[in-house]
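This report looks at aromatic residues and at the nonpolar core. Please have the sequence and the structure at hand while reading.

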Amino acid sequence: ADAAVLHQNVPNPFNPSTKISFVVNKSDLVQLNVYNIRGEKVRTLVQDNLPAMEYELSWDGTDDAGKGVASGSYFARLRIGKEVMQVRQMQLVK
């Protein structure tokens, strides 16, 4: 099977939104979350059982409550099953 991949978000730095694409290599619980530099989760983008394929979604710089987050560095973290696959740094510039 191909490896799971979390691509670098585009554009980066971004304002107001950015696209995140990733490849799921096996059907499993997929979690794609955004964290701030303190390691606090600000947004759950995906938490679902997904079939193996490529996905693309966008993050609009808001948290789970729909509030805009501050400028700065954020981290997208892809987790498939019990394994953390990849982390990418994203830069929000206002």
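## An aromatic cluster

In this predicted model, F14, W59 and Y74 come together as one aromatic cluster. The structure holds 3 aromatic pairs, and two of them are described below.

## The stacked pair

The rings of F22 and Y55 count as stacked, because their centres are 5.4 Å apart and their planes stand at 20°, an angle under the 30 degrees that the term requires. This pair connects distant parts of the chain, since F22 lies in strand β2 (residues 18–23) and Y55 in strand β5 (residues 54–59), 33 residues apart. F22, with 1% relative accessibility, counts as buried, and Y55 also counts as buried, at 18%.

## The edge-to-face pair

W59 and Y74 have ring centres 5.5 Å apart and planes at 65°, so this pair is edge-to-face. It too links distant parts of the chain, with W59 in strand β5 and Y74 in strand β6 (residues 72–80), 15 residues apart. Both W59 and Y74 are buried.

In soluble globular proteins, nonpolar side chains tend to be buried together. Here the largest nonpolar core has 23 residues, and those with the most contacts inside it are F22, L32 and W59. The elements that each give two or more residues to this core are β2, β3 (28–36), β4 (41–50), β5, β6 and β7 (83–92).

Which residues is W59 in contact with, leaving aside its neighbours within four places in sequence? They are F14, P16, S17, T18, I20, V34, V42, R43, L45, V69, Y74 and M90.

Note on methods:
Residues numbered from 1 in each chain as written. Predicted model: local features only at pLDDT ≥ 70, side-chain atom pairs only at ≥ 80, totals over all residues. Heavy atoms only, no water. Phe/Tyr/Trp six-rings, centres within 6.5 Å; stacked < 30°, edge-to-face > 60°. Helix = DSSP H or I, 4+ residues; strand = E, 2+ residues; numbered from the N terminus. Buried < 20%, exposed > 50% of the residue type's maximum accessible area, 1.4 Å probe, protein only. Core = buried A, V, L, I, M, F, W, Y, C linked by side-chain atoms within 4.5 Å. Contact = heavy atoms within 4.5 Å.
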